[in-house]
Amino acid sequence: MLVGFGLSIMLAIIFRFEETTYTHCRVANYFPSTSAAIATTPSAYVWRLVICLCSLPRLLFVLYCYHFYINVSCQLRYYRGLCHLCFIAEMLENLSLIGLSCISSDDNYDIHEILFISFQVGAMLHMILMCIVFKMATTRYDDVRSDTGIFKRKGALQRKMFFCVMNILAFLISIYFFFRHQNRCEPGVYSLFAIFEYLVVLTNVLFHEDTWKDFSNRCIIYGGRAHNKLMTE
């Protein structure tokens, strides 16, 4: 997904630079925003193809994650409720991503804006809730796992928290530069907004990738049950 995103931005810069960096202020800008890049061809074709290829596996993985964590034997209060909320937030994130990819800012700016906001709200809520759920679900292993196993689990939680915090910070900074550009029309400020918007996408993808790595020793069979690859262990 990162390759498709990077390729979309690169194609927008190469083939549609003037169009994708243009703003109402008509000041100098050097990088297109994500919305502007995926709204123009050929970037739009690349991005929509990536979303088509990734959407079904992502949605199925959301269901798998939900069923996995909801069946963890955790007696901590609110655990199951947090699992439900985490599932809803991640579904909102993924469905909004599909929507904003299909309806570009050029097609309908208002709907695209609503879908982008719901995507980012869903993404941030999911990351926060996943960190909490992951910590609660793995707490019971502290006394029975080896030192190596505990270290790996703590490292996984630290990575998730790092990507979560970086995503929220990048989003807040991008919002600051967006409104600064809207109010002051300074050269290059919209490009700073675009750069931090790229970081939002990057940290989001890395967070999901880290979540997938939690199940790297499992073979997920759609339509059947998930089996551990290391059956002899």
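Predicted model: local features only at pLDDT ≥ 70, side-chain atom pairs only at ≥ 80, totals over all residues.
**Overall fold**

The chain has 233 residues, and 44% of them count as buried. Eight helices and two strands make up its secondary structure.

Helix α6 has 30 residues, and at 1.5 Å a residue it should span 44 Å. At the start of α6, a side-chain oxygen of Asn-108 comes to within 3.3 Å of the backbone nitrogen of Asp-110.

**The disulfide and its surroundings**

How many disulfides does a search of the whole structure find? It finds one. The partners are Cys-25 and Cys-185, with their sulfur atoms 1.9 Å apart. The torsion about this S-S bond is about -50 degrees, so the disulfide is left-handed. The pair links distant parts of the chain, 160 residues apart. Cys-25 sits in the loop between α2 (17-21) and α3 (34-39), while Cys-185 sits in the loop between α7 (147-184) and α8 (189-213).

Are the two partners buried or exposed? Cys-25 is buried, at 17% relative accessible area. Cys-185 is partly exposed, at 27%.

Cys-65 is in no disulfide, and the nearest cysteine sulfur, in Cys-86, is 7.8 Å away. Cys-131 has its closest cysteine sulfur in Cys-164, at 4.8 Å, which is too far for a bond.

| Residue | Relative accessible area | Class |
|---|---|---|
| Cys-25 | 17% | buried |
| Cys-185 | 27% | partly exposed |
| Cys-65 | 2% | buried |
| Cys-131 | 9% | buried |
| Ser-174 | 4% | buried |
| Glu-186 | 22% | partly exposed |
| Arg-26 | 67% | exposed |

**Backbone details in the loops**

Most residues other than glycine have a negative phi, and most peptide bonds are trans. Phi of Cys-185 is near 55 degrees, a positive value in a residue other than glycine. Phi of Arg-26 is also positive, near 60 degrees. The peptide bond from Thr-41 to Pro-42 is cis, with omega near 5 degrees.

Cys-185 is in the loop between α7 and α8. Arg-26 is in the loop between α2 and α3. Pro-42 is in the loop between α3 and α4.

Arg-26 is exposed, with a relative accessible area of 67%. How far apart are the C-alpha atoms of Arg-26 and Glu-186? They are separated by 9.7 Å, although the two residues are 160 apart along the chain. Glu-186 belongs to the loop between α7 and α8. Its 22% relative accessibility makes Glu-186 partly exposed.

**A buried serine**

Ser-174 lies in helix α7. Its relative accessibility is 4%, so Ser-174 counts as buried. The side chain of Ser-174 reaches the backbone oxygen of Phe-171 at 2.6 Å. In an α-helix there are 3.6 residues a turn, so residues three or four places apart point the same way.

**Cavities**

Rolling a probe the size of a water molecule over the atoms shows where empty space is left. In this model the count is two cavities of 30 Å³ or more.

The largest cavity has a volume of about 80 Å³. Helices α4 (43-70), α5 (79-102) and α6 (109-138) each give at least two residues to its lining. Cys-65, Cys-86 and Met-130 are among the lining residues. Which classes make up the lining of the largest cavity? Nine residues are nonpolar, none is polar and one is charged.

The second largest cavity holds about 40 Å³ of space. Its lining includes Cys-54, Arg-58 and Asn-94. Both α4 and α5 supply at least two residues to the lining of the second largest cavity. The largest share, four residues, comes from α4. By class, this lining has four nonpolar, two polar and one charged residues.

Methods
Residues numbered from 1 in each chain as written. Heavy atoms only, no water. 1 Å grid on protein atoms, 1.4 Å probe; cavity = no way out; pocket = protein on both sides within 12 Å on 5 of 7 lines; lining within 4 Å. Points joined across faces, edges and corners; volume = space filled by probe spheres on them. Nonpolar A, V, L, I, M, F, W, Y, C, P; charged D, E, K, R; others polar. Expected span 1.5 Å × (residues − 1). Polar contact = N/O pair within 3.5 Å; in protein donor to acceptor, adjacent residues only side chain to side chain. Disulfide = S-S within 2.5 Å. Buried < 20%, exposed > 50% of the residue type's maximum accessible area, 1.4 Å probe, protein only.
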